[in-house]
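Please look at the sequence and the model first, and then follow the sections below.

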Amino acid sequence: MYSIIETAKENNLNPFRYLTYIFKKFPNIKENETADILLPWNAPEECKVKI
């Protein structure tokens, strides 16, 4: 969990929003999809920190 939060911070993501995104999206991944869509650089705009 710690490494996911720190990776989110390094990629300018809000850790809480990113974790919420992961926990909502992961159970709905189809068999032919890879987990790459959950990586920080593929996170949606709502997870990003506004600078």
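## A buried alanine

Ala43 touches Leu13, Tyr18, Tyr21 and Lys48, not counting residues up to four places away in sequence; contact means heavy atoms within 4.5 Å. Ala43 is found in the segment after helix 2. With a relative accessibility of 8%, Ala43 counts as buried. The term buried means under 20% relative accessible area, exposed means over 50%, and partly exposed lies in between, with a 1.4 Å probe and protein chains only. Ala43 and Ile22 are 21 residues apart in sequence, and their C-alpha atoms are 8.9 Å apart in space.

## Basis of the model

The model is predicted: local features need pLDDT of at least 70, side-chain atom pairs count only at pLDDT 80 or more, and totals for chains, interfaces and linings use all residues. Residues are numbered from 1 along each chain as its sequence is written, and side-chain values use heavy atoms, with hydrogens and water left out.

Helices and strands are DSSP runs, numbered from the N terminus; a helix (H or I) has at least four residues and a strand (E) at least two.

## The packing of the two helices

Two packed helices are described by the angle between their axes and the distance between the axes. Helix 1 and helix 2 (residues 15–25) pack at an angle of about 120°, and their axes are 9 Å apart. Axes are lines fitted to C-alpha atoms, for helices over the stretch in contact, and angles run from 0 to 180 degrees between N-to-C directions. Helix 1 and helix 2 are therefore oblique to each other. Angles under 35 degrees count as roughly parallel, over 145 as roughly antiparallel, 65 to 115 as roughly perpendicular, and the rest as oblique.

Which residues make the contact between helix 1 and helix 2? Helix 1 contributes Ile4, Ile5, Ala8 and Lys9, while helix 2 contributes Pro15, Tyr18, Leu19 and Ile22. By class, this contact of helix 1 with helix 2 has seven nonpolar, no polar and one charged residues. In this classification Ala, Val, Leu, Ile, Met, Phe, Trp, Tyr, Cys and Pro count as nonpolar, Asp, Glu, Lys and Arg as charged, and the others, Gly among them, as polar.

## Salt bridges

Side chains of opposite charge can pair when their charged atoms come close. How many salt bridges does the structure hold? The structure holds two salt bridges, a salt bridge being a side-chain nitrogen of Lys or Arg within 4 Å of a carboxyl oxygen of Asp or Glu.

Lys9 forms a salt bridge with Glu6, and the closest N and O atoms are 3.2 Å apart. Lys9 and Glu6 are three residues apart in helix 1 (residues 2–10), so about one helical turn separates them. Lys9 is partly exposed, with a relative accessible area of 45%, and Glu6 is also partly exposed, at 26% relative accessibility. Glu45 forms a salt bridge with Lys48, with the closest N and O atoms 3.0 Å apart. Glu45 is exposed, with a relative accessible area of 53%, whereas Lys48 counts as partly exposed at 31% relative accessibility.

## Other positions along the chain

Asn12 lies in the loop between helix 1 and helix 2. Most residues other than glycine have a negative phi, and most peptide bonds are trans. Phi of Asn12 is near 55°, a positive value in a residue other than glycine. Asn12 is partly exposed, with a relative accessible area of 44%.

Thr7 lies in helix 1 and is partly exposed, with a relative accessible area of 32%. Thr7 and Trp41 are 34 residues apart along the chain, and their C-alpha atoms are separated by 10.0 Å. Glu45 has its place in the segment after helix 2; Glu45 and Leu19 are 26 residues apart in sequence and 14 Å apart in space, C-alpha to C-alpha. Lys30 is placed in the segment after helix 2 and is exposed, with a relative accessible area of 55%. Lys30 and Arg17 are 13 residues apart in sequence and 22 Å apart in space, C-alpha to C-alpha.
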